[in-house]
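The sequence and structure are shown here for reference.

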Amino acid sequence: MTDESVPAPSGPRYIADEIILYGVELNDANGVAHLNVGMVGQAELQISLASTVGIIGSTVLAYGYAFEGHCYRLDSNRIFVVTGPIAKPAVGCGFEAAMGYKMWRLTAGSQILEISTSFADARALILDAQLPGKRSPSSYAITLRMAHRNGRLSND
């Protein structure tokens, strides 16, 4: 019996800031990921990494990760494009290769791309997202710093 809270063992060398990302690879044999955009049979979003110097990437649907000997589940499934490490059969944290899971060994400084997907009408994605309380906190202070004060642009 395997314990779901035990991450994969470290590789041949210990890496202090290693993150093990668990998920499934969405790329097909040609390196293209196909995402449903709500128009079944009519259109789909295709993601592929094009490189002139041979960089390859995996489009990953991530479910969890391990860091410093502990396993964590992501709050929701997230899509990342991971370059560099090659996917290996998953071991640990309850993600087993027999169930189709893979793992990617990254460092905390690795550059990855997150693809955020939301499907709704324009009202929900643009207008409702800008209502007070739903905006980024930094967007509230943008106009305050540039307010005009009797011909001056400072508070002195």
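## Nonpolar cores and cysteine link

Ile-20, Tyr-22, Ile-47, Ala-90, Phe-95 and Met-103 touch the most other members of the largest nonpolar core, which holds 17 residues. A nonpolar core is a set of buried Ala, Val, Leu, Ile, Met, Phe, Trp, Tyr and Cys residues joined through side-chain atoms within 4.5 Å. At least two residues of this core come from each of strand 1 (18–25), strand 2 (33–36), strand 4 and strand 5; strand 1 gives the most, with three residues. Strands are DSSP runs (E, at least two residues), numbered from the N terminus. Val-60, Leu-74, Phe-80 and Val-82 are among the eight residues of a second, separate core.

The model is predicted: local features need pLDDT of at least 70, side-chain atom pairs count only at pLDDT 80 or more, and totals for chains, interfaces and linings use all residues. Residues are numbered from 1 along each chain as its sequence is written, and side-chain values use heavy atoms, without hydrogens and water.

One disulfide (cysteine sulfur atoms within 2.5 Å) is found in the whole structure. This disulfide joins Cys-71 to Cys-93, with S to S 2.0 Å, and is left-handed, at -75° about the S-S bond. Cys-71 lies in strand 5 (residues 70–83) and Cys-93 in the loop between strand 6 (88–89) and strand 7 (102–107), 22 residues apart.

Burial classes follow relative accessible area (buried under 20%, exposed over 50%, partly exposed in between; 1.4 Å probe, protein chains only).

| Residue | Relative accessibility | Class |
|---|---|---|
| Cys-71 | 22% | partly exposed |
| Cys-93 | 0% | buried |
| Leu-49 | 42% | partly exposed |

Leu-49 lies in the loop between strand 3 (44–47) and strand 4 (57–67).

Note on methods. Helices (H or I, at least four residues) and strands (E, at least two) are DSSP runs, numbered from the N terminus.
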